[in-house]
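Please read these notes with the structure open beside you.

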Amino acid sequence: MLTEVSLYSELNALLPGRVRVDEPMKKHTSWRIGGPADFFVEPASRQELSTIVNYSRNLGIPLHIIGAGSNLLVSDGGIRGIVVKIGSGLNRLSIVDRDIKVEAGAKLAQVVTVARDAGLGGFEFLTGIPGNVGGAVVMNAGANGSSLSELVRQVLILRFDGAYTCKNKDAMKFGYRASILQSEPAIAVEVTFKGYSREKSEINQEMENYLARRRASQPLTYPNAGSVFKNPAGDSAGRLIEAAGLKGLRVGDAQISPLHANFIINLGAATARDVLALINRAREVINSKFGVELQPEVKFAGHE
Ligand SMILES: Cc1cc2nc3c(=O)[nH]c(=O)nc-3n(C[C@H](O)[C@H](O)[C@H](O)COP(=O)(O)OP(=O)(O)OC[C@H]3O[C@@H](n4cnc5c(N)ncnc54)[C@H](O)[C@@H]3O)c2cc1C
């Protein structure tokens, strides 16, 4: 059995200067919550990514993939194994005709502005959704009645056995905040989106409208992770939580936002335990009052 020190030496020899030990995950989540990751690496190339995947497989070390951490609750005990952030080291983008080919570490916001500048419509509804392209594909991020899947042509995936494979839109099995990568974990590496020609000024106007709506309705001055629960069919989780009188409920420094009941905000020093207590409380109350089982939209990672 390799000790943590020898694992670090091996990893550091493979990826000099890139490996961080006991990295606080609160630095990598929009909630600003999360204990330490044993090892944390942000690969600067596909080759580095493959190196980590092969290394972890050969030694049987768990691998956890994250993007911008904007939909993620990491436990206070942190994450055992290697956390791999798909971020700015993998963010190349190119436009061919009306397709945008982009690596998974690029910010979704970058894709939206690049599309606008190229006169490519279809991406407007994504305005204001934080996170990276890979996370958005895994989550099938969406808003205003549209979702990312409508724009996807294909996704290049790196499986944990080290093989690259390309999945077309159908093979991604997209659903409401769902994709095949949630049930068959692998790494989204590159995505090809399709747009259509549209006047830049029209695109811009629509983007500004979306942004203004978000600013008015979301508690953006506090760390949060967007909507905590999926909307149940034909209803909205926020409406149910508000109707149950839970707006403003606080556990420790976590609070159900007084502005938007489907957001939980971090007032300063909230822990994952605080947030989980609010999540469980909301689920219990909504179930007993309305007979509705709320399903979390946010993803959970880590150990107690
Ligand atoms: C203020 C705010 C507003 C938001 N509004 C919206 C909204 O309107 N609509 C919406 O859908 N979401 C919204 N979100 C949630 C979030 O921004 C999206 O879910 C986003 O797409 C997540 O991307 P990420 O890179 O942050 O993913 P992360 O949170 O890092 O990860 C999400 C999941 O994907 C996995 N993952 C991440 N990257 C990869 C990869 N490359 N390969 C394989 N697995 C990966 C992770 O393991 C995790 O399970 C909001 C969040 C905030 C903070």
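A polar contact is a pair of N or O atoms within 3.5 Å; within protein, one must be able to donate a hydrogen and the other to accept it, and residues adjacent in sequence count only if both atoms are side-chain atoms.

1. This is a predicted model, in which local features need pLDDT of at least 70 and side-chain atom pairs count only at pLDDT 80 or more, while totals for chains, interfaces and linings use all residues. Residues are numbered from 1 along each chain as its sequence is written, and side-chain values use heavy atoms, leaving out hydrogens and water.

2. The chain is divided into domain 1 (4-85), domain 2 (90-216) and domain 3 (219-301); such bounds come from an automatic or database domain assignment.

3. Domain 1 and domain 3 bury about 1300 Å² between them, 59% of it on carbon and sulfur atoms. Buried area is the accessible area (1.4 Å probe) that two parts lose on being put together, summed over both. In domain 1, W31, N71 and L73 lose the most area to domain 3, together 56% of what that side buries.

4. Across the interface of domain 1 and domain 3 there are 10 residue pairs in polar contact, both residues at pLDDT 80 or more.

5. Is S70 buried or exposed? S70 is buried, with a relative accessible area of 17% (buried means under 20%, exposed over 50%, partly exposed in between; 1.4 Å probe, protein chains only). Not counting residues up to four places away in sequence, S70 touches S30, P130, G131 and A225, where contact means heavy atoms within 4.5 Å.
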